[in-house]
Amino acid sequence: MNSPPLSPLIYPPSSDTYCPSPTQMSPIKYESVPEESQVSPENSPKRNSKRKLSNLDSTCGACNLDVEKPKLCCNCFEYFCEKCINLERICSKCADKSALPKMPPNCSGHGKELAFFCLTCETEICSECILEATDHKRHPFDRMEAVYQEKIGVTDDKIAKIGLQIEEIEKHTEMAKKNLNLIKTVGDAMLAELKAIHDAAKMEVQEIVDEKREELEKRINLPEDRRALVKQIQDEIKALGHFGFIKQQDRFNEQCDKVLEQCRQLPADLIDHYDIGCELIPATKMTTYKVDWVDGKQEMLNVIIDDSTGESWKLSLSKGDILCLKVAPNVSIPLITSHKFKVTTEISNNDISKSLRKRFVIQRKMTQFELADIELVSSGGFLEDNAMEFRVAIEPLNVIEAHDHYKQEVTMMKNSMDQMKTLMNASRESLDALKANTDSLKNFSVGYFALEYGNIQKQPKSGFVSPNVIDFNGNEWKMEIKFERDEFNKILLSAYIFPARIINTSEHARRCTYFIELMHSNPDEIVRGYAENLFEVNGLGRGWKGFIERMRVLNDVGFVRHGKVWFRYGVRPSA
């Protein structure tokens with residue numbers, strides 16, 4: 001919005017008039033009109049927080065009366081009527097506060113009202129400054145009220161635009177309020193459910209703890225209770241005198257025997273603290289081992305234990321300079337998973353307060369931990385008859401990890417079932433295909449060769465050779481699988497047929513047709529090679545370098561059956 005132009009400029013009649021220097025005038029100056037990005041009293045946070053953004057600005061901030069032309073207080077930036085604001089535009093509220101800085105009503109040089117504003121010097125001046133000052137010669141000026149109205153109009157326009165934008169935003173807030181209420185309702189319900197679960201678990205734990213505490217407090221207080229009974233008996237004896245005691249000796253003896261029997265019945269066994277648990281934090285089930293302690297480095301323990309989910313783990317406890325525990329999943333191919341487990345260990349001491357207890361967090365991979373210093377265990381009351389008691393437990397880190405673990409197990413079982421169904425269907429299809437190709441294989445000497453899946457993972461330098469097959473001429477043949485690299489350094493599985501023993505050395509007998517197949521659960525995915533060559537007597541092989549990429553075999557479970565990769569090969573003398 002364009003602001004109205006300034007009122008007609010008034011120039012002093014002559015240049016001989018005197019004007020006080022800026023240092024002689026009031027130190028308070030009006031600043032120039034700020035840019036949109038600058039901070040001013042009109043767009044300051046204080047003004048925006050107090051100033052109203054609608055047409056309700058016509059109400060006086062002091063007397064609450066409606067005003068047609070309200071005036072703005074220069075200090076608190078609220079609107080007031082003429083009765084509630086003075087000439088310096090300070091409202092009655094602010095005027096009553098002595099701590100606030102007050103605008104000088106008159107020119108310090110001429111004593112007259114500062115009713116004008118020099119547009120060049122951007123300072124307030126009085127009428128005498130216009131007529132007498134040389135510093136403002138031919139400078140345009142206007143009445144202070146006119147300059148203020150122009151500048152405040154620009155800011156008011158911006159504030160009005162903000163108000164319109166806020167009104168536009170308010171149109172879309174109703175749906176947000178409904179959504180907020182819905183989210184709050186759902187969130188409160190979830191929090192209530194969690195609280196109920198938490199309270200139930202807390203009560204379950206508290207009952208176990210209270211039961212154990214009650215038993216332990218009885219044991220702790222029992223000596224004092226029995227001393228109190230003994231003192232009571234002694235006090236009664238003293239009070240009775242000699243003759244009274246003699247007459248009631250039998251009663252006192254019965255009381256002493258009863259107290260003595262109760263003291264003998266005091267249990268000496270420890271109350272286990274690992275069986276405290278609930279649905280959210282299950283109790284830790286420790287497994288105890290007695291291991292022999294001998295001098296020197298040794299493997300003290302090598303066992304397989306099951307965790308609380310049924311998974312098996314290999315544990316190895318070894319003694320060197322430090323007592324170490326090695327934990328690893330009991331599987332040939334560790335599962336790649338982010339699920340976390342906690343390992344709880346304890347090296348028992350004769351003094352239960354000195355037992356060494358540690359807890360570690362692991363994932364499904366081999367991990368080693370340091371448990372204790374050898375010298376500490378040797379001399380700190382941890383050994384009895386040259387044996388150490390070692391306790392250990394493995395369990396999911398928390399119920400969430402346990403839930404995720406079980407969920408993954410169920411998913412893996414479903415996938416295994418689907419794979420079995422796929423293999424069964426593929427077996428049926430393979431059987432049908434085998435029956436269909438029986439005629440073409442009648443003259444082939446066929447052999448099968450199973451290669452361990454783990455060997456493909458290890459990729460040894462030496463190859464793998466199959467058992468011999470004998471063709472119809474009496475010659476024996478073998479198949480060899482090698483690991484080789486191509487020009488791009490990819491690892492390949494190469495397959496070759498070569499003579500193991502040649503009995504019939506005629507060229508006719510040595511010219512053979514041969515094939516190699518890498519079996520797959522899906523017949524369409526079977527990898528085949530078929531060729532004819534003249535084989536030399538010296539045993540050089542024929543076949544295919546780069547029969548298949550190694551990673552393709554590793555990444556496709558269809559090539560694996562019962563942990564092995566199966567090849568079929570055949571040789572037939574050419575007609």
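Hi everyone, let's start with a sheet: four strands make an open sheet in the order β7-β8-β9-β12, with antiparallel pairing. Two strands count as paired if DSSP finds at least two bridges between them. Strands here are DSSP runs of E with at least two residues, helices are runs of H or I with at least four, and both are numbered from the N terminus.

Before going on, a word on where this comes from: the model is predicted, so local features need pLDDT of at least 70 and side-chain atom pairs count only at pLDDT 80 or more, while totals for chains, interfaces and linings use all residues. Residues are numbered from 1 along each chain as its sequence is written, and side-chain values use heavy atoms, with hydrogens and water left out.

At its edges are β7 (298–306) and β12 (367–373), each of which pairs on one side only. From one strand to the next, the twist averages 20 degrees. The axes behind such angles are lines fitted to C-alpha atoms, for helices over the stretch in contact, and angles run from 0 to 180 degrees between N-to-C directions. Strand β8 (residues 312–319) meets β7 in the antiparallel sense over 8 bridges.

Strand β3 (residues 116–118) and β5 pair over 3 bridges in the antiparallel sense, and F117 has D142 in β5 as its bridge partner. Contact, by the way, means heavy atoms within 4.5 Å.

On to the aromatics. Searching the whole structure gives 10 aromatic pairs. In one of them, F116 and F141 sit edge-to-face, 6.1 Å centre to centre with 85 degrees between the planes. F116 belongs to strand β3 and F141 to strand β5, so the pair ties together parts that are 25 residues apart in sequence. For F360 and F369, the ring centres are 4.1 Å apart and the planes at 15 degrees, so that pair is stacked. The cut-offs: rings of Phe, Tyr and Trp (its six-membered ring) pair if their centres lie within 6.5 Å, with planes under 30 degrees apart called stacked, over 60 edge-to-face and the rest tilted.

Buried means under 20% relative accessible area, exposed over 50% and partly exposed in between, with a 1.4 Å probe and protein chains only. There is also one aromatic cluster, formed by W477, Y514, F535, W544 and F547.

F547 brings us to F567. Setting aside neighbours within four places in sequence, the contacts of F567 include F547, L518, I516, L493, I481 and M479. In the largest nonpolar core, which has 31 residues, F567 is one of those with the most contacts inside, along with I497 and L518. A separate second core of 28 residues includes W293, L317, L323 and L325. Such a core is a set of buried Ala, Val, Leu, Ile, Met, Phe, Trp, Tyr and Cys residues joined through side-chain atoms within 4.5 Å.

One more strand: β13 (residues 387–396) has 9 of its 10 residues buried, so it is largely enclosed by the rest of the structure. It runs antiparallel to strand β6 (residues 287–292), joined by 6 bridges, and D292 has A387 as its bridge partner there. Strand β10 (residues 341–347) is also antiparallel to β13, through 7 bridges, with T344 partnered by A393.

To zoom out, the protein chain has 12 helices and 23 strands, and 32% of its 575 residues count as buried.
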